[in-house]
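Hi everyone, thanks for coming. Let me put the structure up on the screen, and then we can walk through a few parts of it together.

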Amino acid sequence: MIVFITGATAGFGQATARRFAKDGAKIIGTGRRKERLDELKNELGELFLPLQFDVRDRKATEDAIKSLPQVFAEVDVLVNNAGGALGLDPAQSADLEDWETMIDANIKGIVYCTRFLLPAMVERNRGHIVNLGSIAAEFPYPGGNVYGATKAFVHQFSYGLRADVLGTNVRVTDVQPGLCKTEFSEVRFKGDKQRAEAVYEGTQPLTADDIADAIHWCVTRPAHVNINAIQLMPTCQA
């Protein structure tokens with residue numbers, strides 16, 4: 001199995017790379033931070049191919065995918081994980097730059113990677129696209145405005161893909177995590193560790209390994225089974 005994971009430098013992406021590597025899968029890990037990719041390469045060895053680029057950049061994404069060596073070229077699984085949230089201000093005072101960044105990463109990044117890898121999956125009549133959504137797609141909260149909207153796009157885009165690939169053996173899954181402790185909140189609050197830690201006070205949140213395990217489970221179901229969407233919350237959240 002060849003697994004292409006965007007945003008493999010931290011959180012869900014990094015945990016997912018490790019989870020599939022346990023099976024002996026070949027991993028293509030992408031991200032903007034070269035040093036993080038190099039560390040994962042040192043950890044996982046020849047099974048891991050690092051690709052440094054930003055999914056928001058259409059040409060860079062296309063060039064990176066076209067550059068894949070033959071032994072990594074026939075991607076079986078695409079995990080569209082790159083993206084995140086920025087800010088928690090109400091719409092009337094939110095930073096428009098933050099909004100644009102979330103739209104570019106959470107929507108355009110998924111669209112670009114999918115469009116450049118899906119045709120070959122359809123041609124080979126096999127493959128699986130796993131999109132990282134969020135419970136925010138269904139359950140809005142103050143300050144979640146554009147972030148939640150991007151994840152609603154991910155959900156509908158995933159279902160649209162299912163309709164488009166009907167008649168092939170290509171599968172599509174939307175994974176929707178709830179409260180999960182990764183670098184997510186630290187990124188959202190732009191490095192404010194104290195504010196980020198406060199999000200998890202009094203909770204036992206999900207971990208990146210929990211999400212990686214869910215992704216792995218979806219991908220390893222029998223070929224005739226498609227998990228359309230899977231939603232996970234910690235027991236302390238409802």
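Here is something to start with: is the crossing of α5 and α6 left-handed or right-handed? Keep in mind that this is a predicted model.

The crossing of α5 and α6 turns out to be right-handed. Helix α5 covers residues 96–124 and helix α6 covers residues 145–164. In general, two packed helices are described by the angle between their axes and the distance between the axes. For α5 and α6 the angle is about 15°, and the axes are 8 Å apart. Angles under 35 degrees count as roughly parallel, so α5 and α6 are roughly parallel to each other.

Who meets whom along this pair? On the α5 side we have Trp99, Met102, Ile103, Asn106, Ile107, Ile110, Val111, Thr114 and Leu118. They meet Asn145, Val146, Tyr147, Thr150, Lys151, Phe153, Val154, Phe157 and Leu161 in α6. Sorted by class, the residues of the contact of α5 with α6 are 13 nonpolar, four polar and one charged.

Helix α5 has another partner to look at. Helix α3, residues 58–66, packs with α5 at an angle of about 35°, and their axes are 10 Å apart. The crossing of α3 and α5 is right-handed. From α3, the residues making the contact are Arg58, Thr61, Glu62 and Ile65, and from α5 they are Tyr112, Cys113, Phe116 and Leu117. The contact of α3 with α5 divides into five nonpolar residues, one polar and two charged.

Now let's go to another pair, α1 and α2. They pack at an angle of about 15°, with axes 11 Å apart, and are therefore roughly parallel to each other. α1 passes α2 in a right-handed crossing. The contact brings together Gln14, Ala17, Arg18 and Ala21 of α1 with Leu40, Glu43 and Leu44 of α2. By class, the contact of α1 with α2 has four nonpolar residues, one polar and two charged.

While we are on α1, how many of its eleven residues are buried? Eight of them are, which leaves α1 mostly covered. The buried ones in α1 are Phe12, Gly13, Gln14, Ala15, Thr16, Ala17, Phe20 and Ala21.

Let's move on to the cores. The largest nonpolar core has 31 residues, and the members touching the most others are Val3, Ile27, Val79, Val175, Ile211 and Ile215. Several elements give two or more residues to this core: β1, α1, α2, β4, β5, α9 and β7. Which one gives the largest share of this core? That would be α9, with seven residues. Apart from this core lies another one, of 23 residues, and among them are Phe4, Ala64, Ile65 and Leu117.

Isoleucine 215 sits in helix α9. Its relative accessible area is 0%, so isoleucine 215 is buried. Leaving aside neighbours within four places in sequence, isoleucine 215 is in contact with Thr16, Phe20, Val79, Val130, Leu132 and Val175.

Aspartate 76 lies in the loop between α4 and β4. Is aspartate 76 buried or exposed? With a relative accessible area of 16%, aspartate 76 is buried. Beyond its neighbours within four places in sequence, aspartate 76 is in contact with Met1, Ile2, Met121, Arg126, Gly127 and His128.

Next comes arginine 162, in helix α6. At 25% relative accessibility, arginine 162 is partly exposed. Leaving aside neighbours within four places in sequence, arginine 162 is in contact with Val170, Val172, Asn226 and Asn228.

Finally, find asparagine 125 in the loop between α5 and β5. Asparagine 125 is partly exposed, with a relative accessible area of 33%. Its phi is near 60°, a positive value in a residue other than glycine.

Conventions: Residues numbered from 1 in each chain as written. Predicted model: local features only at pLDDT ≥ 70, side-chain atom pairs only at ≥ 80, totals over all residues. Heavy atoms only, no water. Axes fitted to C-alpha atoms, helices over the stretch in contact; angles between N-to-C directions. Helix = DSSP H or I, 4+ residues; strand = E, 2+ residues; numbered from the N terminus. Parallel < 35°, antiparallel > 145°, perpendicular 65-115°, else oblique. Left-handed = near helix turned anticlockwise from the far one by under 90°. Contact = heavy atoms within 4.5 Å. Nonpolar A, V, L, I, M, F, W, Y, C, P; charged D, E, K, R; others polar. Core = buried A, V, L, I, M, F, W, Y, C linked by side-chain atoms within 4.5 Å. Buried < 20%, exposed > 50% of the residue type's maximum accessible area, 1.4 Å probe, protein only.
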